[in-house]
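Hi,

Here is the structure I promised to pass on. Have a look at it first, and then read on for what turned up.

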Amino acid sequence: RARLIMTAGGVMIGTTAVVLLIALTNGLQNAAEASIGNDASLTQITIRSSFRRDSSSPTLNMDAVNQLAALPDAGAVIPVLSLSNQIELRVGNLQGYAQVYGIYPNNVADLGVKAQQGTLSLSDTNPYGVVVGASVAQNFSDPNSTVKNAAQTVDLMNNSVEMRIYHSDGTFRKIPITVNAVLESGSSQDFAIYLPIQTVIDLNSQLSGSSTNPAD
């Protein structure tokens, strides 16, 4: 009778262990598949105009963008234009930095990001209304402080923010900007500032002294 009880107990323990192992394996597999499916880097392709191998390679212009957008498996195509000059942000005596990009206002929703604060929107009627990444506000510093690399977080939604665009000779142009939204952290846009693409086109043209045509 003792051997029977011990055998039955061993079978129950072994069965329970197998069931738990299967459940754990399925849980880990589902978690891994979900994390892979949510990784935007696996579903996004970045194409840069500077990647042309030679003059015979296709040109990345609006015709090419429209062709890419017409592909059956393309969820969204977002033309992005970088501001060519160095910029600095100012909030009071604090200074910060970011990379400035221009996108079409109707592409904001296609970025796949959510607003932590504010409304996720851009508009050509508000040319200096911007959307900023989460890390932009966390990397301001006082240039007059004796403590090096003392980063401070500022409230970009409720403070006056000035963007300074520097010329090659060290002079700069001051532009007040309005922060429409601060993005949630954890995306490739953490250190980015987005403006309407027409604003960036106009700024690049003014700074370079030559016209910029997005169709080219």
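A cut-off to start with: a residue is called buried under 20% relative accessible area, exposed over 50%, and partly exposed in between. That is why Tyr101, with a relative accessible area of 24%, goes down as partly exposed. Do keep in mind that this is a predicted model.

Tyr101 is in strand β4 (residues 99-103) and Tyr194 in strand β9, so the pair ties together parts that lie 93 residues apart in sequence. Phe172 comes out as partly exposed, its relative accessible area being 34%.

Now the inside. The largest nonpolar core has 26 residues, and Leu83, Leu89, Leu156, Met163 and Ile165 are the ones with the most contacts within it. At least two residues each come from β2 (87-91), β6 (129-132), β7 (161-166), β8 (172-183), β9 (192-196) and α3 (197-208). Which of these gives the most to the core? That would be β8, with four residues. There is also a second, separate core of ten residues, and Tyr194 turns up again here, along with Val108, Leu111 and Leu183 among others.

Setting aside neighbours within four places in sequence, Met163 contacts Ile87, Glu88 and Leu89, then Val100, then Arg173, Lys174, Ile175 and Ile177, and finally Leu195.

Last, the charges. Side chains of opposite charge can pair when their charged atoms come close. The count here is two salt bridges. Arg90 forms one with Glu88, with the closest N and O atoms 2.8 Å apart, and both of these residues are buried. Glu88 is also on the contact list of Met163. The other salt bridge joins the side chains of Arg164 and Glu162, at 2.7 Å from N to O. Arg164 has 15% relative accessibility, so this arginine is buried too.

Cheers

Notes. Residues numbered from 1 in each chain as written. Predicted model: local features only at pLDDT ≥ 70, side-chain atom pairs only at ≥ 80, totals over all residues. Heavy atoms only, no water. Core = buried A, V, L, I, M, F, W, Y, C linked by side-chain atoms within 4.5 Å. Buried < 20%, exposed > 50% of the residue type's maximum accessible area, 1.4 Å probe, protein only. Contact = heavy atoms within 4.5 Å. Salt bridge = Lys/Arg side-chain N within 4 Å of Asp/Glu carboxyl O.
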